[in-house]
Amino acid sequence: MSQSKWPRRRRCRLGPTVGDRGPRSQNVDPPCILDPVYGIILCMAKVHIPTPLRQYAGKQAAVEVKAGSIAEALSDLVSQHPDLRRHLYTDDGKLRAFVNVYLNDEDVRYLQKEATAVKDSDTISIVPSIAGGRLAR
Amino acid sequence: MLRISQREFESIRRHGEETYPHECCGVLLGQMDGDIRHVTSTARCGNTRTDSPENRYHIDPKELVRIQREGRARNEDIIGFYHSHPDHPARWSQTDLAEAHWLGCSYVITRVAQGKADITNSFGLTGTDESDKAFVDEPVEVA
């Protein structure tokens, strides 16, 4: 069986028939949204954009995304604002090494990386690294 | 141009003296108004480069997340950073440029000579991405 291209995500708790009930369910705390196609819960999370990248995000300091994981949050972010892509990802689609992604106060590298689950009202911060020093490399 | 109050300007220079012979580092918060970056507060950070603190600095991103959050509550954005060069010119190094990723922000460097803050310069990080980024000298207005 082929590996799913989707990262690990929170599965619908309501079973396959829930899609019949429409995109929202009383069993899912709003504003979480039940994806009727994939049967997964997508939450509304806020991504804080660092000052240098705001010009590529409609000059917004924060963007609301629908996501069940960090990977989906970033994917939704760049689909809303495609100009952000080259600043966040390398040409081969990897997150740039100097781009730190925090879920609330935790570095996602120390959680489940981009597969880290996102809950409703979580805040995601994109934080380019800060370093340097007088000695030449 | 970087506009900063005398109080904040002295604060970042004192920080360099206090951490000498190690490099200090911190964040400049305020507002961007066209080409003017107006510093309204500064935040001292710890230097996590304990392996080579006399010639390297690194700010824990977790500290940046906190500073960014506290700044938002005051309606301030991160508009730049500062660090010191102990017994070394207040000019950016190749390491400073290679590790600079906040395009459009100010990078302030203070030379600390024998424990005393000497020259302080500011450099704006220009460019559209990593491939064409460059530091340019930036006037500092202390008021």
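Five bridges join β4(A) to β6(A), and the two strands run antiparallel; strands (E, at least two residues) and helices (H or I, at least four) are DSSP runs, numbered from the N terminus. Two strands count as paired if DSSP finds at least two bridges between them. This is a predicted model, in which local features need pLDDT of at least 70, side-chain atom pairs count only at pLDDT 80 or more, and totals for chains, interfaces and linings use all residues. Residues are numbered from 1 along each chain as its sequence is written, while chains are lettered from A and ligands numbered from 1 in the order in which they are written.

- Five of the five residues of β4(A) are buried; a residue is buried if 20 or more other C-beta atoms lie within 10 Å of its own, exposed if 12 or fewer, and partly exposed in between, with C-beta atoms placed from the backbone.
- Val99(A), Val101(A) and Leu103(A) point one way from β4(A), whereas Asn100(A) and Tyr102(A) point the other way.

**Loops of chain A**

- The hairpin of β4(A) and β5(A) has two residues between its strands, and Asn104(A) lies in this loop.
- Asn104(A) is not a glycine, yet has a positive phi of about 55°.
- Asn104(A) counts as exposed because it has 12 C-beta neighbours inside 10 Å.
- Ser121(A), in the loop between β5 and β6 of chain A, is another residue other than glycine with a positive phi, here near 70°.
- With 13 C-beta neighbours inside 10 Å, Ser121(A) counts as partly exposed.
- Gly68(A) is in the loop between β3 (62–67) and α1 (70–80) of chain A.
- Gly68(A) has 26 C-beta neighbours inside 10 Å and therefore counts as buried.
- The C-alpha atom of Gly68(A) is separated by 32 Å from that of Ala131(A), a residue 63 positions away along the chain.

**Chain A as a whole**

- Chain A has two helices and seven strands, in the order β-β-β-α-α-β-β-β-β from the N terminus on.
- Of the 137 residues in chain A, 31% are buried.
- Among contacts in chain A with a separation of 6 or more, 52% are between residues 24 or more positions apart; two residues are in contact if their C-beta atoms, placed from the backbone, lie within 7 Å.

**Where chain A meets chain B**

- The contact takes 23 residues from chain A and 31 residues from chain B.
- On the chain A side, the elements that give two or more residues are α2 (85–88), β4 (99–103), β6 (123–128) and β7 (130–132).
- By class, this side of chain A has 10 nonpolar, eight polar and five charged residues. Nonpolar covers Ala, Val, Leu, Ile, Met, Phe, Trp, Tyr, Cys and Pro, charged covers Asp, Glu, Lys and Arg, and polar covers the others, Gly among them.
- Three bridges join β7(A) to strand β4 (residues 57–59) of chain B, and the two run antiparallel.
- Across this pairing, Ile130(A) stands opposite Ile59(B).

**Helix α1 of chain B**

- Helix α1 (residues 6–19) of chain B has 14 residues, which at 1.5 Å a residue should span 20 Å, and its end C-alpha atoms are 20 Å apart, in agreement. The expected span is 1.5 Å times one less than the number of residues.
- The buried residues of α1(B) are Phe9(B), Ile12(B), Arg13(B), His15(B), Gly16(B) and Thr19(B).
- Seen down the axis of α1(B), these buried residues fall within an arc of 145°, so they line one face of the helix; the arc is that of the directions from the helix axis to the C-beta atoms.
- Gln6(B) and Arg7(B), on the other side of α1(B), are exposed.
- Pro21(B) lies in the loop between α1 and β2 (25–33) of chain B, and the peptide bond from Tyr20(B) to Pro21(B) is cis, with omega near 5°.

**Sheet of chain B**

- An open sheet of eight strands in chain B has the order β8-β7-β6-β5-β2-β3-β1-β9, with mixed pairing.
- Its edge strands, β8 (134–138) and β9 (140–142) of chain B, each pair on one side only.
- Strand β1 (residues 2–4) of chain B pairs with strand β3 (residues 36–45) of chain B in the parallel sense over two bridges, and Leu2(B) stands opposite Arg37(B) in β3(B).
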